[in-house]
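Hello,

Here is the structure I promised to pass on to you. Have a look at it first, and then read my notes below.

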Amino acid sequence: MNWQLIARKELGDAIRNRQLYALAATFALIFAVLAELHVRQVDRGYAGSSNLIDYFALPSVLLVPVAGLLLASSAIVRRRSNGQLTLLLGLPHDRRDIVLGTYVGRYAILVVSLLAGVFAGLAVVFVTGHTIPTTAVLGYLLASAGLGLAYLAIAIGISATVRTQTWATFAVFGALLLLLFVWRFVPDGLAYAAAGFEEPVTQPWWTSYVGALSPSLAYERLLVPVLESDADRSMVWFSAAVLLGWAVLAPLIGYRRFVATDL
Amino acid sequence: MSAIALQNVTKRFGDVHALRGIDMTVESGEVFGFLGPNGAGKSTTIDILLHYTHPSSGSVDVLGHDVTEAPVAVRERVGILPEGFAPFETMTGRQHLAYAIEAADADDEPGALLERVGLADAADRSAAAYSTGMTQRLALAMALVGSPDVLILDEPSTGLDPHGVRRMREIVRTERDRGTTVFFSSHILAQVEAVADRVAILRAGDLVAVDTIDGLRETADAGSELIVDLTGEPAAVAPAVASLDGVSTVDERDDTLVVGCTADAKLRVLDEIRAAGATIRDFSTGETSLEELFVSYTEGAT
């Protein structure tokens, strides 16, 4: 059980090559700017304090998935093709340690960056003397951390499966297009097909569940109770389960492929 | 107990048979040289020993552990200097050692190990800037962490200058004296000859010879030739020569006698020819060196 050592090394690498600082600074800058915009709206009386999450949600819809994917897409495959895995696996490490340790270590980088962003935003709100919607921010943080975990997990799975970085890049880009954009049309498409290729009279009950299978769409549904008060509870639980499902299944599939192949 | 045992190990990459059924045992405490030309399957064998690569069939035991089932147990007691590795670009030499020591749960001193491989001066420089030879020394230092029971070195002299090669040799001898089993591959016979107790020669995925260095040398000596120019008819002395100890073949070519014999039989052959009344005009010996033996074993390989 040496995965903790690898996780710590991943985090240490990101500190030593300053990747962590760059990512955290990017998050902090973006969240601070959006918080400033929110504060101005509040000052003009156009918005209430809870509208902060509307602004925070703007970057996280794209920034968190992209950061998660980029952080992990080459994590394993690059070390595999440049020979660092050969050196690592000469030490008493299991291949499971490699996948799990990389996963945890890279996720720590993402969470730290996300926290840096949110805290920078909150600092702007606080310093300008406005109210912080604490519960909403916590809910937002939890959902965003889940979104980041799901996308990072997908990238880890890809990175453990493919043999070259080029394929990893293609696969990750394809995953982002599919899950962030294309999937929005899939439920309606399926409903259309299920109705015998005609416009269905009523939306079947399952379309929103099919939609929530994408981490991005699940995330948007998780934000509903954060932004408004009433939400379909079963939908919220289902969305949370989807994010966790991706977080577990994608690396597991990648790991199974990774142990079965030659280095 | 044997340190390394391979039983009928094969490896196929698509249509290519990289290993065609290797049976080999390395005894505990010996220095075992693994010889073969490039592409013979040496690295594939070593990759299988460390479970970097899965064998297509056969079983591989290292220190009594099946490597497929317990790769970590093997890696805990084996130090490896692999081929085609890269150091971590964010770490110094010392940090590499610190990591390896922590991973092995050992209590070595990073500085002492770096000193041992001659890398103390560069200990605090980023390993990304190391030359090939320095990287090789770094990996050797990492392999020595935790005083392993078995050292596996894949082409250890790659990129090393003559000083580095000598230091590597000294380290191998020190480790052997400590009781460590050393298994190392090379395509250069002289390096194997200098330190190995036993040698296996691999050719195109097949083991063609496993023997001690002395045994190989005897095989080479047995292939010596003695060419004797005579003034008279060689046929007159040929039967007497053929009956001598250590003589394997006697050929007559015009007025020359070509005798295949062991090295120590050569003088007896000359004496016998003179005793039989023939006059020796000239003679020469064709030594089969270990090098030639190695070449003859591995000829025709890609």
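**What I found**

In chain B, strand E1 (residues 2-13) pairs with strand E4 (residues 57-62) in the antiparallel sense, over five bridges. Within that pairing, Gln7(B) has Ser59(B) of E4(B) as its bridge partner. Helices (H or I, at least four residues) and strands (E, at least two) are DSSP runs, numbered from the N terminus, and two strands pair if DSSP finds at least two bridges between them.

Before going further, please note that this is a predicted model: local features need pLDDT of at least 70, side-chain atom pairs count only at pLDDT 80 or more, and totals for chains, interfaces and linings use all residues. Residues are numbered from 1 along each chain as its sequence is written, while chains are lettered from A and ligands numbered from 1 in the order in which they are written.

E1(B) also pairs with strand E2 (residues 16-27) of chain B, antiparallel and over nine bridges. Here Ile4(B) stands opposite Val26(B). The hairpin of these strands has two residues between them, and Gly14(B) takes a positive phi near 65° there.

Chain B also has an open, mixed sheet of six strands, in the order E6-E7-E8-E3-E9-E10. Its edge strands, each pairing on one side only, are E6 (78-81) and E10 (206-212). From one strand to the next the twist averages 15°. Strand E3 (residues 31-35) and strand E9 (residues 198-203) run parallel and are joined by four bridges; Gly33(B) has Val199(B) as its partner in E9(B).

Helix H5 (residues 132-143) of chain B packs on this sheet, touching E6 and E7 (150-154), and its direction makes about 175° with that of E6(B). Helix H6 (residues 162-177) of chain B lies across E3, E7 and E8 (181-186), at about 150° to E8(B). For these angles, axes are lines fitted to C-alpha atoms, for helices over the stretch in contact, and angles run from 0 to 180 degrees between N-to-C directions.

Chain B is divided into domain 1 (2-218) and domain 2 (225-286), with bounds that come from an automatic or database domain assignment. The C-alpha centres of the two domains lie 47 Å apart.

Where the chains meet, 22 residues of chain B are in contact with 19 residues of chain A (C-beta atoms, placed from the backbone, within 7 Å). On the chain B side, helix H2 (71-77) and H3 each give two or more residues.

In chain A, helix H11 (residues 215-227) has 13 residues and reaches 18 Å from its first C-alpha to its last, close to the 18 Å expected at 1.5 Å a residue (1.5 Å times one less than its number of residues). Among its buried residues are Leu217(A), Tyr219(A) and Leu222(A). What covers the buried residues of H11(A) includes helix H3 (52-73) and helix H12 (233-260) of chain A. A residue is buried if 20 or more other C-beta atoms lie within 10 Å of its own, exposed if 12 or fewer, and partly exposed in between, with C-beta atoms placed from the backbone.

Arg18(A), between helix H1 (3-16) and helix H2 (19-43) of chain A, has a positive phi of about 70° although it is not a glycine. Arg18(A) is exposed, with 11 other C-beta atoms within 10 Å. Asp105(B) has a positive phi of about 55° and is not a glycine either.

Best wishes

Definitions and conventions. Contact = placed C-beta atoms within 7 Å.
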